[in-house]
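Trainee: May we go through this structure together? I would like to begin with a helix and then move to the sheet.

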Amino acid sequence: QKSAANSCSSSGHTCHLPDPRNQFPWLKKQSGCYVDKSLPIANYDKVPCEILRQVFGFLDPDDLKNVLLVSKTWKSLAEEPALWAGFDLPVACKKNVQDLLEFSQMLLFSKLQHLALSDFAFKVKDEHFKLFLYLDLKSIKFSGINLSEVSDKILGKIVSSCKECVIKECFTNGSSGTLGLEKISNILSEVQEESKLRSFKLSHDLYSRKLDVMDIPPDILSRAFSKLTMLELENLHFSSEQTTSIFDGFVNLKSLIFNGILLDATQTSQLMEALDKTWQLKSLKLSQVDLTDIPSMVLANILLKIDKVELENVVMETNQIEDIFLSFITGDSNMKNLSMNGMNEQFSVVNAEVLAKAVNKLESFYFDGDLPVDQLKEMFKVMSLETNLKMMGFPGNQIPVDQFQYISEVDPEVLSKALNNLQSVRFGFGNDKGIGCFLRVPQLMAFFKQLSLKRTNLKTILMQDFEHDKIIVTNVLFARGSTYSN
């Protein structure tokens, strides 16, 4: 019977099915030959729309364009704008003008959501930019491109129609490959009241000097920034009149990044006054700002109402930091995430008990230095009892706990309880940037013993794979009373 079955090429019969007593229940009603290995023809249009949307969400635009051709049902689902987030102009369209013109005639052209204007191999003109005027663009980015032959009015209309605009000047004003201040000013002047623009970033990538933007009229900045919810300014030099106009538009801001902005004492004071009046701000990053003249309580009022605060190379006195921490410990606060990068010298002399209580009231805390032994021991002591901390460091930039120089001084049981109270912990094991592993064997044994007994809040353990230059993420899972990792 086996040889007969293998030689049979017919379908739609039951002659080769096993005796009914030996059949699986789901095979009894089958009419096909049991050795037939062909799959049944499926109608994938009958798959629930919610499942198809989930599947399509994993596809890149290059794959989605093929999905459009499968059926009417798939086409209607694949055309949803959310699936095309980040769809940018194909590289070929930047190399050859004819490819750009041909692509503009395709249905796929209407799916463009992001426009990165850089690295064009041909001179871009008005006729090319008019192609983008009627697209539903979400964002536009100017970087290293000379648009001297493109109308300011057209550029302004496109920027106004986008929710996000990024302008990155690569050299000093007037150099080839940049927009130039006059062009930037004229573009911003076209941003009208009905503009969709909500996020704006202007930066200069030459960190050794600030880009002087004082020729942009203050009223243009005020009008263009008035409805923004996100503003990022980097390595720029503004006049006092300009900063006053910019600060007046902070009312609607939810995210602000001031990175390397050259501010004098008066401008810094104006910035703090503006921040003190804002109530919608959720994220703040300040870099290279001198705050020593700002009263501690003013700083506390500003910072403690913001969810995420990043301070980088900010000049502050130790007593200011300690006062902010004390206000944070004793009062109500919205701050959950704090980064103090390049400020180790100031907060390393903060009272150990104050620092420990403040750090453990946060959800994440990042710093780039080390801690004295008294601060480190007190921090882990408080952490071992109760903590809000989910990790040491920020998501995507966790601090390897074994690289604290004095961590070997922490009691193994205290350290074990502390680390198992976190949701994520990272180990470097001595190879990260040549820094040694300072954990002792008893500390590691205590940590993994508690982990194996399920007395833990940990969800992930991160370790560095230096051979392949990547982070290995280990998920902590529990099954049948034991701890497993994968």
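**Helix α18 and its surroundings**

Mentor: At the start of α18, the backbone nitrogen of Glu-413 has a side-chain oxygen of Asp-411 within 3.0 Å. Please keep in mind that this is a predicted model.

Trainee: Which residues of α18 are buried?

Mentor: Helix α18 covers residues 412–420, and its buried residues are Pro-412, Leu-415, Ser-416, Ala-418, Leu-419 and Asn-420.

Trainee: In which sense do β10 and β11 pair, parallel or antiparallel?

Mentor: Strand β10 (residues 308–312) and strand β11 (residues 337–341) pair in the parallel sense, over five bridges. Within this pair, Leu-338 in β11 stands opposite Val-309.

Trainee: Now Ser-364, please. Where is Ser-364 found?

Mentor: Ser-364 belongs to strand β12, which covers residues 364–367.

Trainee: Is Ser-364 buried or exposed?

Mentor: Ser-364 has a relative accessible area of 2%. Buried means under 20%, so Ser-364 counts as buried.

Trainee: Which side chain does the side chain of Ser-364 join in a polar contact?

Mentor: That of Asn-337, at 2.6 Å. Leaving aside neighbours within four places in sequence, Ser-364 is also in contact with Lys-336, Leu-338, Leu-389, Met-391, Gly-393 and Phe-394.

Trainee: A change of topic: backbone angles. What is the phi of Asp-119?

Mentor: Phi of Asp-119 is near 60°, a positive value in a residue other than glycine. Asp-119 lies in the loop between β1 and α7 (126–129).

Trainee: Why does Asp-119 count as exposed?

Mentor: Asp-119 counts as exposed because its relative accessibility is 66%, and the cut-off for exposed is over 50%.

Trainee: And what about the phi of Lys-454?

Mentor: Lys-454 is not a glycine, yet its phi is positive, at about 70°. Lys-454 is found in the loop between α19 and β16 (460–465).

Trainee: How accessible is Lys-454?

Mentor: Lys-454 has a relative accessible area of 40% and is therefore partly exposed.

Technical notes:
Residues numbered from 1 in each chain as written. Predicted model: local features only at pLDDT ≥ 70, side-chain atom pairs only at ≥ 80, totals over all residues. Heavy atoms only, no water. Helix = DSSP H or I, 4+ residues; strand = E, 2+ residues; numbered from the N terminus. Buried < 20%, exposed > 50% of the residue type's maximum accessible area, 1.4 Å probe, protein only. Polar contact = N/O pair within 3.5 Å; in protein donor to acceptor, adjacent residues only side chain to side chain. Contact = heavy atoms within 4.5 Å. Pairing = 2+ DSSP bridges.
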